[in-house]
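Reader: Before we look at the model together, I would like to learn how its features should be read. Please take me through them one at a time, giving the general idea and then the case at hand.

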Amino acid sequence: MPAKLNKFNGKFKGKDFISIKQFTIKKELDLIFFEADKMKKIVAKRKTNGLLKNYCIAELFYQPSTRTFASFLGATEWLGAKAIPIHGMSAYSSAVKGESLSDSVRSIYQTTAADLIILRHPDDNSSEIAAKNSYVPIINAGSGKKEHPTQAVLDLYTIKNELNKMDDLTIGMVGDLKNGRTIKSLSLLLSLVGKKNKLLFVSPDSLRAPLSLINRLRKRKISVYETDDLNKAISKMDVLYMTRVQKEWFSSKEKYEKVANNFILDAKLMKKAKKKMIVMHPLPRVNEISTGVDQDPRSTYFQQMRSGLYTRMALFKLILLGSK
Ligand code: NCD
C-alpha cells in the first residue's frame, strides 16, 4: 500500500511533492505562480540569486530525461544551491547490483547531505516509497505511468500565462492517454482549479485514459468526453495538449507501430482550430506534431519548457524556505 499522501493545506515547507492529489485549493497554485513570477525576474537579471546558497539538492534519475532533469538543475543553479545531479541511475548505480530504491535514497542523503531529493523512476509508487524512507523531502519528477506533478504545475502556469485564465476552458488531450503520466497529473490539476473546465480525451481505443481517472474527474464534476476523431474535436479546443505514444511501455515493435502515427498535427489540421487555441506538448515529440507547426503563433511547446524552470525554482523555495 502506498503511504498516505501529505496534503499541502496551504503550506509547502518540509513537505514531499509526490502527487497532484496533495493540492486542496486553487490558492496553493496561486502561491506557486506568484513565486514563479518572481523567479522569472531573477533569471531575467542573469545573476545567480543566493536564496538557497546553503542548501544542497540531489537529482536521482532512473529514466531518460532532457527537460525535467535540466530544468531542475537550472533551478538549483539559479538559486545558488549545491547541485548533485545523477543521471543514469538504472545503468550505473548500485541498483544494478540489486539495491532497493529506499536504500539508494537513504544513501544519497548520507553521502551528499542533500536537503531535497528529486526522483524520476519507472515504478508507479516509487515516489511514495522513497518519501516513506527518506530523511528529506522528495519531489516526484515522473513516476511510472502514474504521475508527473511538477510537469502539470508548469503546464498550468503556461496555460494561465497564455490564455489569462484557468477555468472555463476546453482542453483536448491527445495521444497515449493510457501510458502517459503527464495527462493524468494535468487533468487532475485542471479539475481542481476550474469547475467549468471540459476535458476532451482523444486517443485510439487501445490507448484510452484509465477509467479510474475518468471516474475521479467526473466525481469532481468535470465534463469528460472521449473520442478517437481529432479532426472533428480540434475546433472545440482552447488548449490542444499533444503527447507521444509511449514506446517504452509496448510489448512489441509491431504493437507500437500500429498506433504510433494515429494522430499527426500538421498545418492543414491547424486550419480547423480556433484562432486563439494554444498547442502544448510536454515533449519529447516523435512524429505527432509536424515541424511545420512550430512557426504557428499558437504553438507554445517551446516556451512551455521555460515555465518549468520558473515553477521548479518556486517549488524549491516553498519547500525549503516556506512562503516568507
Ligand atoms: C514526459 C515524461 O517524462 O513523462 N516528458 C517530460 O518530462 N517533459 C513526457 C514523455 O516522455 O512523453
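Reader: How much space lies in the second largest cavity, and which residues line the second largest cavity?

Author: On a 1 Å grid over the protein atoms alone, a cavity is a set of points where a 1.4 Å probe fits but cannot get out, and lining residues have an atom within 4 Å of a point. Grid points are joined across faces, edges and corners, and a volume is the space filled by probe spheres set on the points. Here the second largest cavity holds about 30 Å³ of space, and its lining consists of Val245, Tyr256, Ala260, Asn261, Val286, Asn287 and Glu288. That lining divides into 4 nonpolar, 2 polar and 1 charged residues, where Ala, Val, Leu, Ile, Met, Phe, Trp, Tyr, Cys and Pro count as nonpolar, Asp, Glu, Lys and Arg as charged, and the others, Gly among them, as polar.

Author: A word on the basis of these values: this is a predicted model, in which local features need pLDDT of at least 70 and side-chain atom pairs count only at pLDDT 80 or more, while totals for chains, interfaces and linings use all residues. Residues are numbered from 1 along each chain as its sequence is written, and side-chain values use heavy atoms, with hydrogens and water left out.

Reader: How many cavities does a search of the whole structure find, and what lines the largest cavity?

Author: The search finds 2 cavities of 30 Å³ or more, and the largest has about 80 Å³ of space. Its lining comprises 14 residues, with Gly175, Thr243, Val245, Ala260 and Phe263 nearest the centre, and by class it has 8 nonpolar, 3 polar and 3 charged residues.

Reader: How much space lies in the largest pocket, and which residues are closest to its centre?

Author: A pocket, in contrast to a cavity, is an open set of grid points with protein on both sides within 12 Å along at least five of seven lines. The largest pocket contains about 480 Å³ of space, and among its 23 lining residues Pro64, Arg120, Arg181, Arg244 and Pro284 are the closest to the centre. Its lining divides into 6 nonpolar, 12 polar and 5 charged residues.

Author: The second largest pocket has a volume of about 300 Å³, and of its 13 lining residues Lys21, Lys146, Ser212, Leu213 and Arg216 lie closest to the centre. The largest share of this lining, 4 residues, comes from α8, and the classes are 3 nonpolar, 2 polar and 8 charged.

Reader: How should I read aromatic pairs, and how many does the structure hold?

Author: A pair of aromatic rings is described by the distance of the centres and the angle of the planes. Rings of Phe, Tyr and Trp (its six-membered ring) pair if their centres lie within 6.5 Å, and planes under 30 degrees apart count as stacked, over 60 as edge-to-face and the rest as tilted. The structure holds 11 such pairs. In one of them, the ring centres of Phe72 and Phe316 are 5.8 Å apart and the planes lie at 35 degrees, so the pair is tilted. Because Phe72 lies in helix α2 (residues 67–78) and Phe316 in helix α12 (residues 301–320), the pair ties together parts that are 244 residues apart in sequence; helices (H or I, at least four residues) are DSSP runs, numbered from the N terminus.

Reader: Are Phe72 and Phe316 buried or exposed?

Author: Buried means under 20% relative accessible area, exposed over 50%, and partly exposed in between (1.4 Å probe, protein chains only). Phe72 counts as buried at 0%, and Phe316 is buried at 0%.

How values were computed. Helices (H or I, at least four residues) and strands (E, at least two) are DSSP runs, numbered from the N terminus.
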